[in-house]
Every structure is written in structure tokens, then in C-alpha cells.
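Okay everyone, thanks for coming. Let me put the structure up, and then we'll walk through it together.

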Amino acid sequence: MNCTSTDCMNLTETYLCKQCVSDFQAWIDKAHVLIPDLDVTIARLDVTRPGNPETRSTNVAGSAAPGNLDAMQLKMNLESIDRTAAEYALLDHAAGTAWIISEWVTSAELLISGPEAVTPRHHDEIMKEIKGNTEPMTAKDCAAWLSHAVGIHFTSKRIRNWVTRRGLQAVTTDGHPKYLPEDVLAAYRQRERDVA
């Protein structure tokens, strides 16, 4: 059968191909490394959610959470990862689980380190620069290239998801789907328009 990851047509005996299992395991490994760092983030009282703004009181008992609630939830999520990627690959919902875990890890990294201090460049400027001047790249390489060039965090999983949700077309070379950065950036801009 074919791998169940979005836009991955590799043949496999489980629900994820070897490449997707390897990518998924990297996310799982990263998740386990982040758990102790989330403890530090949870303890930071300066980043707790504010209390009820209608009370207009800042020193009332219970006006603020006892820790960073987003970090607490993410820690619980990451601690719930109890299998290897190869074990998850045996389940019919493996692709969805891989996507969710990659989102948890990305969110945890942002909570721990904060957003990267990169000044975003204007989309039109980037589009002029790259249109017709870039080769198709794997989702992973394209995500890294665009994150650096545009200053917006992209992930390979998000790019693959846009294939079905945003009409992004993959270019198949060497039997593997690849993407033009200009097409991915256009899909991102379309998402921004849809949300606005």
C-alpha cells in the first residue's frame, strides 16, 4: 500500500513509509528532550495568563494562574507520547498522530525559546526574487529555505497538508514529491487571505 502521509506516495507495509517513520521519530525524540525545558517555562510566573480583565485587580489571590497553562498542557501532551514512530506506523491514524505531535513540538519550541528574531521581508519582494529562480525542493528543505528567507516558521508537514487544503501542487522528481518555494509562499498568502 501507499504511505498515508499527505502527498507521500511511497510504498510501505505499514501506514507510514520508512522515510516518514524516520521523520516522525525525529519529532518524537525532540518532544522528549523538550519536556524538562517546559518545566522551566511553566515555573516562569512572568509569562502566566492574566486574570479576569473585568476585575481590574492584579494582586488578588487567584487573579493569575500558578504557572504557564499553555506550557502545562503541552507538557502533558508530550508526556502522552508513549510509542516509537515504528509502533505508531502500525496504526491507521499514524499520519494524523505524526502531524499532531509535530504541531505540539513546534508550539513547545516557541513557548520555550520565543519566536525567532527574524525580520520578515515583504512577500512581494521575496516572490520577485524567487519566481523562476529556484529549483523544486523536498518539503523539509523548502520549509527550512522559506523559514530563513521569509522569516516565517514553515514546517514540512504543513507544506504537505497544503497540497490537499490549499491546492498546492507537488512536482515529482526522482519518484519523490518536491515543491517550488514560490508555490508554497503563494499557498501561505492564500491562507492569510482566507483567515483575514
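This is a predicted model: local features need pLDDT of at least 70, side-chain atom pairs count only at pLDDT 80 or more; totals for chains, interfaces and linings use all residues.

So, with which handedness does H1 pass H4 in their crossing? It's a left-handed crossing, and that word applies if the near helix is turned anticlockwise from the far one by less than a right angle, with right-handed used if it is turned clockwise. Residues are numbered from 1 along each chain as its sequence is written, and side-chain values use heavy atoms, with hydrogens and water left out.

Now the overview. The protein chain has 8 helices and 2 strands; these are DSSP runs, helices being H or I with at least four residues and strands E with at least two, numbered from the N terminus. Reading from the N terminus, the order is α-α-α-α-α-α-α-β-β-α. There are 196 residues, and 39% of them count as buried, meaning under 20% relative accessible area, where exposed is over 50% and partly exposed is in between (1.4 Å probe, protein chains only). Of the contacts with a separation of 6 or more, 64% are between residues 24 or more positions apart; a contact here is heavy atoms within 4.5 Å.

Back to our helix pair. Two packed helices are described by the angle between their axes and the distance between the axes. For H1 and H4, the axes come within 9 Å and cross at roughly 35°; those axes are lines fitted to C-alpha atoms over the stretch in contact, and angles run from 0 to 180 degrees between N-to-C directions. On the H1 side, the residues that meet H4 include Phe24, Trp27, Leu34 and Leu38, and among their partners in H4 are Ile101, Val105, Glu109 and Ile112. By class, that contact has 12 nonpolar, 4 polar and 3 charged residues. (Nonpolar is Ala, Val, Leu, Ile, Met, Phe, Trp, Tyr, Cys and Pro; charged is Asp, Glu, Lys and Arg; polar is the others, Gly among them.)

Glutamate 109 sits in helix H4 and is partly exposed, at 26% relative accessible area. Over in H1 we have histidine 32, partly exposed at 39%. The C-alpha atoms of histidine 32 and glutamate 79 are 7.6 Å apart, though the two are 47 residues apart along the chain.

Next, helix H2, residues 69-79. Which residues of H2 are buried? They are Ala71, Leu74, Lys75, Asn77 and Leu78. They lie on the same side of H2, because they cover an arc of only 160° around the axis, taken from the directions from the helix axis to the C-beta atoms. Their cover includes helix H1 (18-43) and helix H4 (94-113).

Threonine 155 is in the loop between helix H6 (139-150) and helix H7 (156-165), and is buried at 5%. Leaving out residues up to four places away in sequence, threonine 155 touches Thr106 and Ala143. Arginine 160, in helix H7, is also buried, at 13% relative accessibility. With the sequence neighbours up to four places away left out, arginine 160 touches Thr6, Asp7, Ala139 and Tyr179. Arginine 160 and aspartate 7 are 153 residues apart in sequence, yet 5.9 Å apart in space, C-alpha to C-alpha.
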